[in-house]
Amino acid sequence: MASICELNSKKPEISYPNFWEYKVIMDSKEHDEKKLEEIVANKEHKISFSKHSNGGKYMSFNVSVLVNSEAERVELFEKFKKISKFVL
């Protein structure tokens, strides 16, 4: 008998403030690390290059940001989505 994990039944508890990790994947031709910096400029953060995709079409960055609330965490996610291909 297999056990089933119900992820939708309970929202995970996240304590704030918290350093939240985002993986931002950008088109290599259009990437601009300065855009990431502008989004988190007034917050404690660290941005580091992660890797290029196999074909070199995309590049990814790890962005760690000190967030003070769920609303702030989601707001940053939305801002990253506007300038990138994917945000994880």
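Buried means under 20% relative accessible area, exposed means over 50%, and partly exposed lies in between, with a 1.4 Å probe and protein chains only. By that scale Glu-75, at 43% relative accessibility, counts as partly exposed.

This is a predicted model: local features need pLDDT of at least 70, side-chain atom pairs count only at pLDDT 80 or more, and totals for chains, interfaces and linings use all residues. Residues are numbered from 1 along each chain as its sequence is written, and side-chain values use heavy atoms, with hydrogens and water left out.

**Sheet**

Helices (H or I, at least four residues) and strands (E, at least two) are DSSP runs, numbered from the N terminus. Four strands form an open sheet in the order E2-E3-E1-E4, with antiparallel pairing. Strands count as paired if DSSP finds at least two bridges between them. E2 and E4 are the edge strands, and each pairs on one side only.

E1 and E3 run antiparallel and are joined by ten bridges. Within this pairing, Lys-23 stands opposite Asn-62 in E3. Ile-25 has Ser-60 as its bridge partner in E3. In E4, the bridge partner of Ile-25 is Phe-86. E1 and E4 also run antiparallel, joined by two bridges.

**Nonpolar core**

A nonpolar core is a set of buried Ala, Val, Leu, Ile, Met, Phe, Trp, Tyr and Cys residues joined through side-chain atoms within 4.5 Å. The largest one has 15 residues. Those with the most contacts inside this core are Tyr-22, Leu-36, Val-40, Val-63, Leu-76 and Phe-80. Four elements each supply at least two of its residues: strand E1 (18-27), helix H1 (33-40), strand E3 (58-67) and helix H2 (70-83). E3 gives the most, with five residues.

Which residues does Phe-80 touch, not counting residues up to four places away in sequence? Phe-80 touches Tyr-22, Val-24, Leu-36, Ile-39, Val-40, Val-63 and Val-87. Contact here means heavy atoms within 4.5 Å.

**Aromatic pairs**

A pair of aromatic rings is described by the distance of the centres and the angle of the planes. Rings of Phe, Tyr and Trp (its six-membered ring) pair if their centres lie within 6.5 Å; planes under 30 degrees apart count as stacked, over 60 as edge-to-face and the rest as tilted. The structure holds three such pairs.

One of them joins Phe-49 and Phe-61: the ring centres are 5.8 Å apart and the planes stand at 80°, so the pair is edge-to-face. This pair links distant parts of the chain, with Phe-49 in strand E2 (residues 45-52) and Phe-61 in strand E3, twelve residues apart. Phe-49 is partly exposed, with a relative accessible area of 41%. Phe-61 counts as buried, at 1% relative accessibility.

Another pair is Tyr-58 and Phe-86. Their ring centres are 6.4 Å apart and their planes are at 65°, so this pair is edge-to-face. Tyr-58 lies in strand E3 and Phe-86 in strand E4 (residues 86-87), so the pair ties together parts that are 28 residues apart in sequence. Tyr-58 is partly exposed, with a relative accessible area of 23%. Phe-86 is partly exposed, at 47%.

**Charged side chains**

Side chains of opposite charge can pair when their charged atoms come close. A salt bridge is a side-chain nitrogen of Lys or Arg within 4 Å of a carboxyl oxygen of Asp or Glu. The structure holds four salt bridges. The table lists some of them.

| Salt bridge | Closest N to O |
|---|---|
| Arg-73 and Glu-70 | 3.6 Å |
| Glu-75 and Lys-79 | 3.3 Å |

How are the partners spaced along the chain? Arg-73 and Glu-70 are three residues apart in helix H2, so about one helical turn separates them. Glu-75 and Lys-79 are four residues apart in helix H2, again about one helical turn. Glu-78 and Lys-81 both lie in helix H2, three residues apart, about one turn of the helix.

Lys-79 is partly exposed, at 35% relative accessible area. Glu-78 counts as partly exposed at 35%, and Lys-81 is partly exposed at 42%.

Arg-73 counts as buried, at 16% relative accessibility, whereas Glu-70 counts as partly exposed at 31%. The charged end of Arg-73 also sits over the ring of Trp-20, 4.7 Å from its centre. The criterion is NZ of Lys or CZ of Arg within 6 Å of the ring centre and within 35 degrees of the ring normal.
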